[in-house]
Amino acid sequence: MKNQNVQKIAITGLMAALSYVVFTFLQIKIPLPGGDATSIHLGNAVCVLGALILGGFYGGLGGAVGMTIGDLLDPVYIIYAPKTFFLKFCIGLITGLIAHKIGKITSETDHSRVVLWTSFAAAGGLLFNVIFDPLIGYCYKRIILGKPAADVTLAWNIASTSINAVTSAIVSVLVYLALLPALKKAGLFFTIGQKKDAG
């Protein structure tokens, strides 16, 4: 149990680093009016992947920390760091809830059901983001930052978030299914949501 918790913390750190790298260096940044920007990236895929492997809390934490660091180190995104942390953590929590508490993918033996529940989980977490990222972003820009360009950038944010969601869902599910045999062989397949697992 203690060893498994140490492994989870280590992999959470790895997921944070991976989400930072993917978000920061493999993004297509789209400048918007008012000195703002949005981007096409696969950072959310790492967040979902982490939740599928580690459970919602650890997976969400890894993705949230990595992408928040990415925001903090980017002059354009620095003001959005709190929003990023909250939203990415929620992606992980929702994905983990669907995958492990409802779908029980770590105890499921039918491969087609694992595929089905990982797909539902990824879609659920990312659908939350498609709805709430633009909505919270709009309120954040309009109310907290007082940016008049919030109305103009809303459509761009909805479009980029939707593209990110579709690509992230596909990539995260395919990578998880590809990693599954290796995780089991390496002893890194965590039985999440069962009594012997505290996370």
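**View A. Ile-53 is in contact with Met-15, Tyr-176, Leu-179, Leu-183, Phe-190 and Ile-192, its neighbours within four places in sequence being left aside.** Contact stands for heavy atoms within 4.5 Å. The model is predicted, so local features need pLDDT of at least 70 and side-chain atom pairs count only at pLDDT 80 or more, while totals for chains, interfaces and linings use all residues. Residues are numbered from 1 along each chain as its sequence is written, and side-chain values use heavy atoms, with hydrogens and water left out. Ile-53 is also one of the residues with the most contacts inside the largest nonpolar core.

**View B. The largest nonpolar core consists of 35 residues.** A nonpolar core is a set of buried Ala, Val, Leu, Ile, Met, Phe, Trp, Tyr and Cys residues joined through side-chain atoms within 4.5 Å. Buried is under 20% relative accessible area, exposed is over 50%, and partly exposed lies in between (1.4 Å probe, protein chains only). Met-15, Leu-52, Ile-53, Leu-54 and Tyr-176 have the most contacts inside the core. At least two core residues come from each of helix H1 (2-25), helix H2 (43-54), helix H3 (56-72), helix H4 (81-102), H5 and H6. Helices are DSSP runs (H or I, at least four residues), numbered from the N terminus. In soluble globular proteins, nonpolar side chains tend to be buried together.

**View C. H2 crosses H6 at roughly 40°, and their axes come within 8 Å.** Axes are lines fitted to C-alpha atoms, for helices over the stretch in contact, and angles run from 0 to 180 degrees between N-to-C directions. H2 and H6 are therefore oblique to each other; angles under 35 degrees count as roughly parallel, over 145 as roughly antiparallel, 65 to 115 as roughly perpendicular and the rest as oblique. The crossing of H2 and H6 is right-handed, the near helix being turned clockwise from the far one by less than a right angle. On the H2 side, the contact is made by Asn-44, Ala-45, Val-48, Leu-49, Leu-52 and Ile-53. H6 contributes Asn-164, Ser-168, Val-171, Ser-172, Val-175, Tyr-176, Leu-179 and Leu-183. The contact of H2 with H6 has ten nonpolar, four polar and no charged residues. In this classification Ala, Val, Leu, Ile, Met, Phe, Trp, Tyr, Cys and Pro are nonpolar, Asp, Glu, Lys and Arg are charged, and the others, Gly among them, are polar.

**View D. H2 and H3 pack with their axes 6 Å apart, at an angle of about 155°.** That makes H2 roughly antiparallel to H3. The crossing of H2 and H3 is right-handed. Gly-43, Asn-44, Cys-47, Gly-50, Ala-51 and Leu-54 of H2 meet Gly-56, Tyr-58, Gly-59, Gly-60, Gly-63 and Met-67 of H3 in this contact. By class, the contact of H2 with H3 has five nonpolar, seven polar and no charged residues.

**View E. Helix H5 (residues 111-144) packs with helix H6 (residues 150-186) at an angle of about 160°, their axes being 9 Å apart.** H5 and H6 are therefore roughly antiparallel to each other. Their crossing, H5 with H6, is right-handed. The contact of H5 with H6 divides by class into 16 nonpolar, ten polar and four charged residues.

**View F. Ala-165 of helix H6 touches Leu-126 and Val-130, not counting residues up to four places away in sequence.** With a relative accessible area of 10%, Ala-165 is buried. Ala-165 and Gln-4 are 161 residues apart in sequence and 30 Å apart in space, C-alpha to C-alpha.

**View G. Val-115 of helix H5 is 7.5 Å from Leu-177, C-alpha to C-alpha.** The two residues, Val-115 and Leu-177, are 62 residues apart in sequence. Val-115 is partly exposed, with a relative accessible area of 27%.

**View H. Ile-163 and Ala-182 both lie in helix H6.** Ile-163 is partly exposed at a relative accessible area of 43%. Ile-163 and Leu-42 are 121 residues apart in sequence and 9.8 Å apart in space, C-alpha to C-alpha. Ala-182 counts as partly exposed, at 44% relative accessibility.

**View I. Lys-104 sits in the loop between H4 and H5.** Although not a glycine, Lys-104 has a positive phi of about 50°. Lys-104 is partly exposed, with a relative accessible area of 42%.
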